[in-house]
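The structure is shown first, and the description follows.

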Amino acid sequence: MYEIKCNVCVVGGGPAGLAAAVAAKKEGAEKVLIVERDESLGGILQQCIHPGFGLKLFNEELTGPEYFGRFIDEAEKAGVETLLGSMVLEVSENLVTCINSEYGVCEISADAVVLAMGCRERTRANIVIPGTRPAGVYTAGTAQRLMNRQNEMVGKKVVILGSGDIGMIMARRLTLEGAKVEAVVEIMDFLAGLTRNRVQCLDDFGIPLLLSHTVVDIKGNDRVEGVVIAEVDEKKKPIESTKKFIECDTLLLSVGLIPENELTNNAGIKISPVTKGPEVNQFMQTSIPSVFACGNVVHVNDLVDNVSAESATAGKNAALFAAGKLEKKDAIKVEAGENVRYVCPQNVVPCDGKVDLYFRVMKPNKNVKITVCDGENVLFSRKAIKVNPGEMEKATVAVDGISALTVAVKEV
Amino acid sequence: MKKDIICTVCPMGCVITVEGENGKIDSIEGYTCPRGKNYAENEFVSPVRILTSTAKISGAKTPLVAVRSKTPVPKDKLFDCMAEIRKLELTAPVKRGDVLIADVCGTGVDIVSSADVK
Ligand SMILES: Cc1cc2nc3c(=O)[nH]c(=O)nc-3n(C[C@H](O)[C@H](O)[C@H](O)COP(=O)(O)OP(=O)(O)OC[C@H]3O[C@@H](n4cnc5c(N)ncnc54)[C@H](O)[C@@H]3O)c2cc1C
Ligand code: SF4
């Protein structure tokens, strides 16, 4: 069997894996290896040709390829090594097993491992839409890959279910390529993605956004011939009298992403029931101390800039762990209080310095106060005019000597 | 003419109401900060967008290369620019930032490559 030894092994070569590898190298890890199943680096950003990346990190509006291109340049300069076309099958404490057409099965032993496998899309099976099973039903990401990497147009008359960012971005892409997007249908009474995407992808082209609506039936035998949509009541139940047929040849599903965690699960790493990703502390360390995780495999991010920041933390600490410099200390659990769906990291080790807590609210609200408390003691407080589940919030707190942490978002 | 503009500069998404005629602004309200005011003024007078698409390329592993307008182009020229991009037939290698169409549709903006294709 082919064997490789390294200090830090990174699983996945998307933006998370690239940033982690560069940071590990900068922290002094000698041999850093990225294992990637695709033939090229960049992950999902290879198909994200639209602008909107890097506003926070580079203060520039980059496209996906431009964004990860900069990280590939940095990785090459830093001397990060890569193993492409290699699918990781198993991860344990200090061993990564992958398969590659040149070497067959490879065993990579590593002092520390970073998981950066990203996420995948929910499909029709995950959300259960009745009707026939014709061709022409795609997830928005699959359509994006077909159009932007493989030069295949997916349809001429399109309905999009779900107002996530990828769906809205595909609405614009399809329109610019000459298709007609009949509607974007969203079951919730608020937008799932970012407001700027609604303005620049839907409003700009006069594409209707139907909130509190869903697709109740798909018609067509060989190919989609249309969908039946309906308004939903407060309990998300379709209202019979509002049913309406829309003729179309394609239905795109933009109904959310789930972290890709088979490897994490099989390694016996503790998974958060809310994010469906591994639980981590502020060092991005999982329940197995030598295994770190970052990016969409941990929780679904809307901005890649946050992914890069969080992944640099993971890479740096993996290098410290590999060098025996990351002490083991007990952590406390971060509680999600009022109107908070989850907080990442889930655990915090009290120590010097500040920690960035990323979190999402449960429901949209206006004029709120965001607080982070240690019991009665308020560590952080900020007013926000608007909060939205589609937009991740951040609070930075000093965690020296704390005994509890609760994040809450309350109306004022 | 009265127009409600959703500011996209930051996630706050303020709704800014602009009133005016023929590119002249009479009143503007609803913004929270100067960046938003600036955005709404431009959006009212001459809205622009970054255009991204793909262009055909041969001699590479993939049939397409991602392209963009280096800077934003007028919104009403988006479809004209798309037609020009569709005519491109490139050959690898192409480097990130290479100019593929100079001054597309007389906008003064270049279409450049977003990616490195070897
Ligand atoms: C379809 C889709 C479209 C998106 N569009 C946008 C967008 O428009 N704007 C935005 O800001 N964000 C978007 N996102 C979110 C975006 O994915 C993240 O911001 C960012 O790409 C996350 O980086 P990552 O490295 O964690 O994941 P990814 O980019 O998904 O990278 C993960 C990498 O791991 C590799 N991998 C997975 N499993 C294995 C394995 N077993 N062995 C080896 N390699 C493996 C994958 O091949 C991939 O290259 C999108 C996500 C998806 C799924
Ligand atoms: S006006 Fe200012 S605060 Fe409001 S959305 Fe625009 S940039 Fe943000």
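In this predicted model, the residues around ligand 2 belong to chain B and comprise Cys7(B), Val9(B), Cys10(B), Met12(B), Gly13(B), Cys14(B), Thr32(B), Cys33(B) and Gly36(B). Sorted by class, this shell around ligand 2 holds six nonpolar and three polar residues, and no charged ones.

**The interface between the chains**

The size of an interface is often given as the accessible area lost when the parts come together. For chain A and chain B that buried area is about 2,500 Å², of which 57% falls on carbon and sulfur atoms. To this contact chain A contributes 31 residues and chain B contributes 26 residues, and five salt bridges are counted between the two chains.

Part of the picture is a pair of helices, one from each chain: helix H5 (residues 165-176) of chain A packs with helix H2 (residues 78-86) of chain B at an angle of about 70 degrees, the axes being 10 Å apart. Because of that angle, H5(A) is roughly perpendicular to H2(B). On the side of H5(A) the contact is made by Arg173(A), Thr175(A) and Leu176(A), and on the side of H2(B) by Leu78(B), Phe79(B), Met82(B) and Arg86(B). By class, the residues of this helix contact are four nonpolar, one polar and two charged.

**Salt bridges**

Over all chains the count comes to 27 salt bridges, and the table gives two of them.

| Side chains | Distance, N to O |
|---|---|
| Glu177(A) and Arg86(B) | 3.5 Å |
| Glu74(A) and Lys26(A) | 2.9 Å |

**Backbone geometry**

Most residues other than glycine have a negative phi, and most peptide bonds are trans. Against that background, a cis peptide bond joins Cys344(A) to Pro345(A), with omega about 5 degrees, and Pro345(A) is placed in the loop between strand E21 (340-344) and strand E22 (347-348) of chain A. In chain B, a cis peptide bond joins Ala92(B) and Pro93(B), with omega about 0 degrees, and Pro93(B) lies in the loop between strand E8 (89-91) and strand E9 (99-101). Asn151(A), although not a glycine, has a positive phi of about 60 degrees, and its place is in the loop between helix H4 (140-149) and strand E11 (157-161) of chain A.

Note on methods. Residues are numbered from 1 along each chain as its sequence is written. Chains are lettered from A and ligands numbered from 1 in the order in which they are written. This is a predicted model: local features need pLDDT of at least 70, side-chain atom pairs count only at pLDDT 80 or more; totals for chains, interfaces and linings use all residues. Side-chain values use heavy atoms; hydrogens and water are left out. A residue is near a molecule or strand if one of its heavy atoms lies within 4 Å of it. Ala, Val, Leu, Ile, Met, Phe, Trp, Tyr, Cys and Pro count as nonpolar, Asp, Glu, Lys and Arg as charged, and the others, Gly among them, as polar. Axes are lines fitted to C-alpha atoms, for helices over the stretch in contact, and angles run from 0 to 180 degrees between N-to-C directions. Helices (H or I, at least four residues) and strands (E, at least two) are DSSP runs, numbered from the N terminus. Angles under 35 degrees count as roughly parallel, over 145 as roughly antiparallel, 65 to 115 as roughly perpendicular and the rest as oblique. Contact means heavy atoms within 4.5 Å. Buried area is the accessible area (1.4 Å probe) that two parts lose on being put together, summed over both. A salt bridge is a side-chain nitrogen of Lys or Arg within 4 Å of a carboxyl oxygen of Asp or Glu.
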